[in-house]
Amino acid sequence: MERRTFLVRMTGFIMGLIGLILSIPLVGYVISPAFRRHPQDWAETGSPDELTVGIPRELSYVVTLNDGWLKTTATKSVWAVRQPDGAVTVFSPLCTHLGCGYHWDSADLTFKCPCHGSIYNINGKVLAGPAPRPLDRLPVKVDNGRLFVIYKEFRAGTPRQIEL
Ligand code: FES
């Protein structure tokens, strides 16, 4: 190999290497949001005074989601139950069997899932059907007379609650 050819190739190799090293932080910056976990914020869902003891109510609200590079808004809903002591329990709206939405049956006083027939009592306990665990409870707090919830999703079909 001629000296000139060698120098041209070495220069190209060194330039390529420098470019590669400089691009590592840039690539990391670009792809890291896709792997970063974005904790949800507290979302206001209304006033706890609108809830009646023993009558679950589906609450809908808008949340802002950070998904990778995308910031979107979505409407979420949860089931809220006011307890006799005034505390509020909030359930994920997804059946723990395979994630279908369930509803409150005011005649039977149970939550019923239309997909495969799981039935839960007002405290989320499984009464019948294939559901492997009770309804998933969500973090809830009352601040300044307003009810706040953190929306979370969990793996369906497992006896143990595993957050996604
Ligand atoms: S998804 Fe609810 S019972 Fe199967």
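1. Lys76 is classed as buried because its relative accessibility is 18%, where buried means under 20% relative accessible area, exposed over 50% and partly exposed in between (1.4 Å probe, protein chains only). The side chain of Lys76 meets that of Glu153 in a salt bridge, 3.9 Å from N to O; a salt bridge is defined here as a side-chain nitrogen of Lys or Arg within 4 Å of a carboxyl oxygen of Asp or Glu. Strands (E, at least two residues) and helices (H or I, at least four) are DSSP runs, numbered from the N terminus. Glu153, at 32% relative accessibility, counts as partly exposed.

2. On provenance, this is a predicted model, in which local features need pLDDT of at least 70, side-chain atom pairs count only at pLDDT 80 or more, and totals for chains, interfaces and linings use all residues. Residues are numbered from 1 along each chain as its sequence is written, and side-chain values use heavy atoms, with hydrogens and water left out.

3. The whole structure contains seven salt bridges. One of them joins Glu44 to Arg146, with the closest N and O atoms 2.5 Å apart. This pair links strand E1 (residues 43-46), which holds Glu44, with strand E10 (residues 146-149), which holds Arg146, across 102 residues. Glu44 is partly exposed at 40% relative accessibility, and Arg146 is partly exposed at 31%.

4. Arg82 and Asp49 form a salt bridge whose closest N and O atoms are 3.8 Å apart. Arg82 lies in strand E3 (residues 70-82) and Asp49 in the loop between E1 and strand E2 (57-67), 33 residues apart. Arg82 is buried at 18% relative accessibility, whereas Asp49 is exposed at 62%. Elsewhere, Asp105, Asp108 and Lys112 are linked in a network of salt bridges.

5. The largest nonpolar core has 15 residues, of which Tyr61, Val78, Val90 and Leu138 touch the most other members. E2, E3, strand E4 (88-91) and E10 each supply at least two residues of this core, and E2 gives the most, with four. A nonpolar core is a set of buried Ala, Val, Leu, Ile, Met, Phe, Trp, Tyr and Cys residues joined through side-chain atoms within 4.5 Å.

6. Beyond residues up to four places away in sequence, the contacts of Tyr61 include Glu44, Lys76, Val78 and Val149, contact meaning heavy atoms within 4.5 Å. A second, separate core of eleven residues includes Trp79, Cys95, Tyr102 and Leu135.
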